Amino acid sequence: GPWHAGGAGRTSFEENVRRHADETEFEVWGQQLTTWTVRGYTTRNVLCTTAGGFSDEFQIEGPLAEEYQVRRNSLAGEDPAGASPSVRALVLHAGHALPLSYEAETDFELQVWVQASSPINLLVLTEDNYNLYTQISPYTYLPGPSLLGVSNGTVERFLIDISHPARYFVVLEEARDVDIPGWQETAGGGEWATQHSARDIAIEYAVRFQRVRYPVAHFAAATG
């Protein structure tokens, strides 16, 4: 919302955002914690809170080349003091997987924190490869942010560059057993679907998708 001057170099703002899908309205409040400007390039650290209690701290930089750069200051699995917990828990039943999707309009950062009672795979897939995955066909995952055979795993920040709007998936599944006949893994970061063992896995996880580039006009329209 509009940047209102405050004491000791601090600023507060308010904004109302309308969700067009269901026409409900929710409010977002924020407080600028720090700000500094060098040759027209401004860096702001902003703490944002909604009426539901969730809050996080963001760093906003720009404008540069008619865009603002936005990133979260906290990591997945971490929450600022007073924030609602972002870590979720589930039981992954034998033979099942948990898919999480994100509609990416431009480049975004992926953050992940996961703990599991047995080794799991965390696969980052394009929509085409996710469709192959669900059809039990050969597919390719993104090797950088994907985690294979981990019980404790973290992806602090992984920037995914995209050339056009696209849907991405993060899939949590039981780690494949390399001793089961038919297992293969390609050197380029892919795998053939194969059998799972019959066991349930307790998982705690936090997955964040954060858009990192906003056009100046878009940013001005969203914040006043």
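## Terms and model

A polar contact is a pair of N or O atoms within 3.5 Å; within protein, one must be able to donate a hydrogen and the other to accept it, and residues adjacent in sequence count only if both atoms are side-chain atoms. This is a predicted model, in which local features need pLDDT of at least 70 and side-chain atom pairs count only at pLDDT 80 or more, while totals for chains, interfaces and linings use all residues. Residues are numbered from 1 along each chain as its sequence is written, and side-chain values use heavy atoms, with hydrogens and water left out.

## Asn-121

Strand S8 contains Asn-121. Asn-121 is buried, because its relative accessibility is 3% (buried means under 20% relative accessible area, exposed over 50%, partly exposed in between, with a 1.4 Å probe and protein chains only). Its side chain reaches the backbone nitrogen of Gly-149 at 2.9 Å.

## Overall make-up

The protein chain has two helices and 15 strands (DSSP runs numbered from the N terminus: helices are H or I, at least four residues, and strands E, at least two). Of its 224 residues, 40% are buried. Among contacts (heavy atoms within 4.5 Å) with a separation of 6 or more, 62% join residues 24 or more positions apart.

## Nonpolar cores

The largest nonpolar core has 26 residues; such a core is a set of buried Ala, Val, Leu, Ile, Met, Phe, Trp, Tyr and Cys residues joined through side-chain atoms within 4.5 Å. Phe-108, Ile-120, Ile-203, Tyr-205 and Val-207 touch the most other members. At least two residues each come from strands S7 (97-104), S8 (108-126), S10 (147-160), S11 (166-174) and S14 (201-211). S8 contributes the most, eight residues.

Leaving aside residues up to four places away in sequence, Val-207 touches Leu-100, Leu-110, Gln-111, Val-112 and Val-170. A second, separate core of eight residues includes Leu-123, Tyr-133, Tyr-139 and Tyr-141.

## Helix H1

Helix H1 spans residues 127-134, and Asn-129, Tyr-130 and Tyr-133 are buried in it. Viewed down the axis of H1, the buried residues fall within an arc of 105 degrees, so they line one face of the helix; the arc is that of the directions from the helix axis to the C-beta atoms. The cover over the buried residues of H1 includes S7, S8, strand S9 (139-140) and S11. Just after H1, Ile-136 has a positive phi of about 55 degrees.
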